[in-house]
Amino acid sequence: MEFPRKVVVGEGIIGKIGQVESRVSRARKILVLSGPTIYPQIRKELESSWDSAQRVSVEFVGPATMEEVLRIEELRKKDGCEVILGVGGGRVTDVAKMVSFRSNLDFVSVPTTASNDGMSSQFASIKGKGRPYSYVTRPPTSVVVDINVIVRAPQRLTSSGFGDAISKITAVEDWKLGREETGEYFGEYAAQLALMGAELALRNAEGIGRMQKNSVRTLVEALISDGVAAGIAGSSRPCSGSEHLFSHALDLHSKSQALHGEQCGVGTIMMAHLHGLDHERIGAGLNAAGAPTNASELGINKEDLVEALVLASELRPERYTILNRVHLTRAEALDLAKTTGVV
Ligand SMILES: [Zn+2]
């Protein structure tokens, strides 16, 4: 099991990272990876985290591709930094995680959005040859989340994080099926941890929809716990099931511009129905949290949605899910989408 050694969630802490993480205050050279939109917004606050003796270089991260990882790695070698901070959204986190893993350096994850569960996990989603790959790296050394920064991010990103958090409901059901059908290891503790986060997110759906700090904080803690659940399980099993396969199929075979958590949320509605769970409760939660609940809100057409449902079962045959059991035909996929109000 590998976990972050420190997780700090609070308000106004983006200017106190040196105080909360001694690896940052001790480092002579720090590399900050960030994005061109978020950095100017937080620069002033963030700068109070360093003292004048420390040398801090800032680099903006481009697309989360292997080329970008290699480019930053070269830069890192020349820079000679001792610790890497990833201050930004999912793309920045993924690249910073990958670079620090390959360079064997401490990585402090400072997410500025709560759009998915990557902020604390060991998985980095990096594109190669046009398609995203999930790499197993190491969890961040520490995670520092400033709720004041998260609530300033566009609502859509937080709603997407809600979709990723509740997707654990079907991911865990799929995992149970895997135990029944293939005898694979099922970790009760990791499963319950992921489910607890999903339930807490559901209970806070309205507050998340209104970007209330307490509710957003609960969501952030749920997303961090998801990374920990994956760490306990030793795989992404508690966090990623058939609903994630649906989302991956959309990424690969459609022009969907929807966010990961938005796609997973809609996937959860449909997979919950296949599992015989209450899909309406999930749809109501997504709606209250301001996340999409159907194809048109995702911005995809009916044909692409049906195609993704059919292809989802073929993407990861070694990972047993409800889709291995039901083997949806096109007609059944359309039926499922209609029954659950997704089309
Ligand atoms: Zn996810």
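Colleague: What share of the contacts in the chain with a separation of 6 or more comes from residues 24 or more positions apart?
Modeller: Keep in mind that this is a predicted model. Counting contacts in the chain with a separation of 6 or more, the part that joins residues 24 or more positions apart is 77%.

Colleague: How much of the chain is buried?
Modeller: A residue goes into that class if 20 or more other C-beta atoms lie within 10 Å of its own. Over the 343 residues in the chain, the buried part is 55%.

Colleague: How far apart are the centres of the two domains?
Modeller: The chain splits into domain 1 (6-150) and domain 2 (155-339). Taken over C-alpha atoms, the distance between their centres is 26 Å.

Colleague: Where they touch, how do the residues on the domain 1 side divide into nonpolar, polar and charged?
Modeller: Domain 1 puts 20 residues into the contact and domain 2 puts in 25. On the domain 1 side, strand E1 (6-10), strand E7 (131-136), strand E8 (142-146) and helix H6 (147-150) each supply at least two residues. By class, that side of domain 1 has 11 nonpolar, 7 polar and 2 charged.

Colleague: Over to the strands: what is the bridge partner of Gly 86 in E5?
Modeller: Strand E4 (residues 83-88) runs parallel to E5, with 6 bridges joining them. E5 is mostly covered, with 5 of its 6 residues buried. The partner of Gly 86 in E5 is Ser 109.

Colleague: Which residue in the turn between E6 and E7 has a positive phi?
Modeller: Strand E6 (residues 123-128) and E7 pair in the antiparallel sense over 6 bridges, and one of the bridge pairs joins Ala 124 to Tyr 135. E6 and E7 form a hairpin with 2 residues between them. The turn residue with a positive phi, about 50°, is Lys 129.

Colleague: Is Asn 104 buried or exposed?
Modeller: Asn 104 sits in the loop between helix H5 (90-103) and strand E5 (106-111). Its phi is positive, about 55°, although Asn 104 is not a glycine. Most residues other than glycine have a negative phi. With 7 other C-beta atoms within 10 Å, Asn 104 is exposed.

Colleague: What is the phi of His 327?
Modeller: His 327 is found in the loop between helix H17 (322-326) and helix H18 (330-339). With 9 other C-beta atoms within 10 Å, His 327 is exposed. His 327 is not a glycine, yet its phi is positive, at about 45°.

Colleague: How far is Glu 307 from Arg 330, C-alpha to C-alpha?
Modeller: Glu 307 belongs to helix H16 (residues 302-315) and counts as partly exposed, with 18 C-beta neighbours inside 10 Å. Arg 330 is 23 residues apart from Glu 307 along the chain, and their C-alpha atoms are separated by 7.3 Å.

Colleague: Last one: which residues is Phe 60 in contact with, leaving aside neighbours within four places?
Modeller: Phe 60 is in strand E3 (residues 55-60) and is partly exposed, with 15 other C-beta atoms within 10 Å. Leaving aside those sequence neighbours, the contacts of Phe 60 are Ser 34, Gly 35, Pro 36 and Tyr 39.

Definitions and conventions:
Residues numbered from 1 in each chain as written. Predicted model: local features only at pLDDT ≥ 70, side-chain atom pairs only at ≥ 80, totals over all residues. Buried ≥ 20, exposed ≤ 12 C-beta atoms within 10 Å, placed from the backbone. Contact = placed C-beta atoms within 7 Å. Domains from an automatic or database assignment. Helix = DSSP H or I, 4+ residues; strand = E, 2+ residues; numbered from the N terminus. Nonpolar A, V, L, I, M, F, W, Y, C, P; charged D, E, K, R; others polar. Pairing = 2+ DSSP bridges.
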